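Here's a quick briefing on a ligand pocket and a metal site. Have a look at the model first.

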Amino acid sequence: MHIFYSDKTRLRQARTELHDGVLVAPFECPERVDLVLKQLQQAAVGELFEPRAFGLEPVLAVHDADYVNFLADCWHEWVAAGHEGEAIPNIWPARTLRGDRIPRVVSAKLGYYALAAETSISEGTFEAAMASKDVALGAVEQTLATGEPSFGLCRPPGHHAAFDQFGGYCFFNNAAIAAQRALASGKRRVAILDVDFHHGNGTQQIFYERDDVLFISLHGDPEVTFPYYSGYADETGRGSGEGFNTNYPLPPGTTVDTWMATLDNALARIKEAQCDMLIVSLGVDIFEGDPISAFTFTSGDFSLLGQRLTQAGLPTVLLMEGGYAVDDIGINVVNVLQGFKQGI
Ligand code: OKS
Ligand code: ZN
């Protein structure tokens with residue numbers, strides 16, 4: 001197993017997250033990567049690689065250019081405006097306001113380009129997001145070249161990032177960028193299987209009208225779980241994308257047995273759709289000890305998950321998404337990857 005990571009992902013080091021009405025230290029912190037790396041090395045899961053810099057072109061293949069410019073400039077504009085603290089949106093083009101024009105000042109642009117308020121932008125955020133997508137691209141390039149599985153230790157995560165919106169700790173949609181790259185290099189249909197506790201609304205939105213990417217997600221029921229406004233079972237795709245989006249919302253407390261039975265349905269759909277590559281949005285926030293989630297995986301269950309993923313029988317890239325129980329995040333990721341290795 002080839003493992004990709006970058007020290008530059010440390011540049012994402014926000015101090016604040018708006019959580020339940022309080023500014024707290026962000027759950028999505030640099031220590032996450034340290035702990036995963038440590039366990040990966042201890043368990044000798046695979047060789048570690050730093051990816052090369054792939055530039056902006058693969059980002060612009062799935063994201064809006066004005067959005068990318070906004071992310072590149074946001075922190076500097078925020079500082080130049082003389083604001084204290086980190087850049088946090090506080091007004092949106094909500095239903096009764098105008099959504100047809102992009103405002104000029106950074107405070108207003110933040111709301112235009114944000115889909116939620118928990119994710120502060122601070123110094124280094126853009127550079128870390130660039131490094132994170134490079135990790136994903138390094139991994140997918142490796143798997144495209146060899147057919148062997150790869151793991152990308154992406155951070156910040158990506159699956160909430162939409163065509164022109166950030167939020168849920170995500171800025172660039174790493175899985176979408178990787179999938180688009182696979183298509184550009186000759187794959188015909190890529191499956192993105194999202195096992196993170198939260199619905200991957202951004203990935204869904206980017207590919208919603210396309211049949212060359214099959215998006216399948218198992219997640220906490222959006223009726224009661226972030227991102228609330230996306231992830232329902234009736235979201236099945238549009239136009240030529242109809243049938244190429246499948247959501248499995250599951251109630252808080254869902255047992256691992258039920259979750260695994262649902263995964264089997266997802267894998268059957270991937271087979272049926274004749275995909276030729278698998279990208280896994282790997283969130284380990286389905287762990288029973290996760291501080292912001294409500295599924296019931298034990299560390300041991302993650303090995304079973306890794307093993308099951310091999311049933312797709314496809315060249316596979318696993319990309320890190322969420323997972324915040326920092327004491328256990330490393331072992332949980334290792335277990336998925338070791339399970340995968342055992343399965344093939
Ligand atoms: C704010 C809750 C924000 C949840 C963000 C979800 C992050 C995640 N109190 N996505 O997969 O793990
Ligand atoms: Zn998550």
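Ligand 1 takes up the space of the largest pocket (on a 1 Å grid over the protein atoms alone, an open set of points with protein on both sides within 12 Å along at least five of seven lines). Mind that this is a predicted model, where local features need pLDDT of at least 70, side-chain atom pairs count only at pLDDT 80 or more, and totals for chains, interfaces and linings use all residues. Residues are numbered from 1 along each chain, and side-chain values use heavy atoms, without hydrogens and water.

**Around ligand 1**
- The shell (residues with a heavy atom within 4 Å) includes Glu118, Gly168, Tyr169 and Phe226.

**Zinc ion (ligand 2)**
- Asp196 (OD), His198 (ND1) and Asp285 (OD) are its protein donors, 2.0 to 2.1 Å away (donors are N, O and S atoms within 2.8 Å of the metal).
- Along the chain, the donors follow the spacing D-x1-H-x86-D.

Technical notes
Chains lettered and ligands numbered in written order. 1 Å grid on protein atoms, 1.4 Å probe; cavity = no way out; pocket = protein on both sides within 12 Å on 5 of 7 lines; lining within 4 Å. Sits in = over half its atoms within 2 Å of the grid points. Donors = N, O, S within 2.8 Å, 3.2 Å for Na, K, Ca; no water.
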